[in-house]
Structures are given as structure tokens and as C-alpha cells.
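Student: Hi! I'm new to this one, could you walk me through it?
Tutor: Happy to, let's bring it up.

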Amino acid sequence: MTFTSRPTDRSAARRGLRREVPSTAAILADEQDFTAMRRYRTFPFDDHDSYLRQMETLLRGLTAQGVVTTVGLFDPVAYEKYCARLTLDPDRPDSRSRYTAEAARTGTTLLYEGGPLTRLLPLLLEDADRRAHADRASALLARAGTCEECGDDIARTAFTRATHAIRQLLTALGEGTHHLVCSLAAGEPPLLAVLHSTAADGAGLQLAEHETLVFCTVLAAGFALRTPGGIVSRTTTGPDTAESTDRATDSATSRDTVRGWSLRGSWLRPLSAAEVFTAYCTDADTGEPIPPEHGVDYASGLPLTPPPESHDHR
């Protein structure tokens, strides 16, 4: 006798299997990218807000079914190049699907967990921007070559110096919540990296590994190529540091201290308090002065000792 599964059993099996097959969505995050895709006849949307609402409804539905879904960014320029490279017709839904799979494999993605896209997209854009700066810095390091005097790999030496500098800098800043920005004048736009850390009650530093790696890579590129740039730190201290959302009302219990360093050769030179004030309170685009923030102290950068070396690599 032959037994066959009932249709309901097969349907349940398919639903169970569907939950084990992950999905990927690539989203047109801004109006400009959305407008670029509207030139394709098969692109079915004509309003960006409506598109985002329908995309969120789709993602929520998949999540409700137990389907693991990752979200990436759809880049119309990269899509056009992708189609040209593979001789695909860009005005076909299956071409968009193939690009989405490729973008998920090689680009930045985040796990969708059921929340609104208005919260997820800024995080996705920030992560993609961080990755782009890291890739640029890595490319610059790859071209640094070797030291003519000793044959050392300049990129490796610069990365070691950057690691030493960051460790020493965070130790010198001490307890508090630290927000560091490293910027290099290495093309347009400038190279940027951001690092957040927290140290309190004698506990070890709390750092995000990926942030730290990107920050170290960008700083190493500045050291290796002797590119003009600098680091600015903003440290919050006080009992209400972690919960404070209004610095004006919490100034009695917490203070922010801003310090700065400039890249000189292959090390960091501390800025004076006056230099920090001038840099922080000047509009970068117009050169006009900006009023200092309430509850913020502008202090000189702390001296940092470079690691011992037999000579300065050039």
C-alpha cells in the first residue's frame, strides 16, 4: 500500500521550508535614487513615500511568517554598471532581483527585525558610509609601498602606529563617554571615521570592534601618506552621562570637554585650547564664527608619545 501526504501536510511543509529560506531586500533610501529608477518602464512605483510604506509592509509580512530578512541599499548607478557588465536589460524585474542578491553579497546589510524603516535606513546609510571610507583608506594604504631606507612595509608600520596612538589616546582621556572623529584631507569628500568608547568605574574600555578597525585604518592612512588631518574628541563626564539627553538642563551634573590633535608627519600633535576653540567654533563652509555650546569646555589636546623607532619612515 502506498501512503501519500495530504495537501494540508504538503502546505505546512512548504510553509516550514519557506521559513528556512532567507530573503533579501535592497531599498532606494532617498528621493534622488528613487527618481533615477523611475526612468525604467517596469519599475512599478511613482511616489517614494508610498514605495517605502509598501516595502515596510512587505518586510513586516515576511517577518511575521518567520522569514529571516536582510536589508541593503539599492544604488541605481551601481545597478546600471552591473547590468552593463553582465549584458543584462536593466528594465527587467529579474535584473533588479539579480542585482539585489549581488548587493547583499558584497555590500552593507542589516537584519530586519520588524521595526519601522525610518529607524533602520539611517543606520544602514551610516554603516554603508563607514564602509566606503574604510575601503578608500584601505586602498590608500595598499599604495603606500615600502620604506626606501629599510624595506619595511609602510602600511603595516602605519597601522601599528595608529593602534598605539588610539590606545594611548583613550587611556589619556580617562573615564567618561568619548566620541572621536578622525578626518583626513584625502580627496573629496574628506576621509572620515568615528569612534565611540566608554570607560567608567575603573572598568575596561567598551569599544565596537568594527568602528575601531575603521578608525584605525583611516588614521593609519594619514600616517602612511602624511596627509593633513586631525582628531577631535568630545568627552562627557558626570553621573548622568549615559542617560543625559538635554545637555543644557543636565550641565550641573555632566560636562562635555572637547580636545583636538593635528596630524603632523606620522604622529599626532596636540592642539592648544585656543586652537580647539577656533576649530570647533568656526563654520567650515563660510569661515564665520559659531557661538560656543553651553556646558562645553574647550581644552588642549593631551600629549601622546610615539612608539620608539630607528627612523621615521617616508
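Student: How many strands form the sheet, and in what order?
Tutor: The open sheet is built from three strands, ordered S1-S2-S3, with mixed pairing. Strands here are DSSP runs (E, at least two residues), helices are runs of H or I with at least four, and both are numbered from the N terminus. Two strands pair if DSSP finds at least two bridges between them.

Student: Which are the edge strands?
Tutor: Strand S1 (23-27) and strand S3 (109-112), each of which pairs on one side only. From one strand to the next, the twist averages 30°.

Student: Before I go on, what kind of model is this?
Tutor: This is a predicted model: local features need pLDDT of at least 70, side-chain atom pairs count only at pLDDT 80 or more, and totals for chains, interfaces and linings use all residues. Residues are numbered from 1 along each chain as its sequence is written, and side-chain values use heavy atoms, leaving out hydrogens and water.

Student: Back to the sheet: how do S2 and S3 run, parallel or antiparallel?
Tutor: Strand S2 (residues 69-73) and S3 run antiparallel, joined by four bridges. In S3, Leu 110 is the bridge partner of Val 71.

Student: Which strands does helix H6 touch?
Tutor: Helix H6 (residues 117-142) packs on the sheet and touches S1, S2 and S3, with its direction at about 160° to that of S3. Contact means heavy atoms within 4.5 Å. The angles run from 0 to 180 degrees between N-to-C directions, using axes that are lines fitted to C-alpha atoms, for helices over the stretch in contact.

Student: And where does helix H3 lie?
Tutor: Helix H3 (residues 48-64) lies across S1, S2 and S3, and runs at about 165° to S1.

Student: New topic: how many aromatic pairs are there?
Tutor: The count comes to 13 aromatic pairs. Rings of Phe, Tyr and Trp (its six-membered ring) pair if their centres lie within 6.5 Å; planes under 30 degrees apart are stacked, over 60 edge-to-face, and the rest tilted.

Student: Why is the pair of Phe 34 and Phe 43 edge-to-face?
Tutor: The ring planes of Phe 34 and Phe 43 stand at 70°, with centres 5.6 Å apart, so the pair is edge-to-face. Phe 34 and Phe 43 are both buried (under 20% relative accessible area; exposed is over 50%, partly exposed in between, with a 1.4 Å probe and protein chains only).

Student: Which residues do ring pairs link into a cluster?
Tutor: Tyr 40, Phe 74, Tyr 79, Tyr 82 and Tyr 99. Phe 74 and Tyr 99 are both buried.

Student: And how many salt bridges does the structure hold?
Tutor: Eleven. Each is a side-chain nitrogen of Lys or Arg within 4 Å of a carboxyl oxygen of Asp or Glu. In one of them, Arg 60 meets Glu 56 at 3.2 Å, N to O. Arg 60 and Glu 56 are four residues apart in helix H3, so about one helical turn separates them. Arg 60 is partly exposed at 38% relative accessible area, while Glu 56 is buried at 19%.

Student: What about Arg 130, buried or exposed?
Tutor: Arg 130 is buried, with a relative accessible area of 18%. Its side chain meets that of Asp 127 in a salt bridge of 2.7 Å, N to O. The side chains of Glu 211 and Arg 130 also meet in a salt bridge, at 3.9 Å, N to O. Glu 211 lies in helix H8 (residues 209-225) and Arg 130 in helix H6, so this pair ties together parts 81 residues apart in sequence.

Student: Which residues are linked in that network of salt bridges?
Tutor: Glu 126, Asp 127, Arg 130 and Glu 211.
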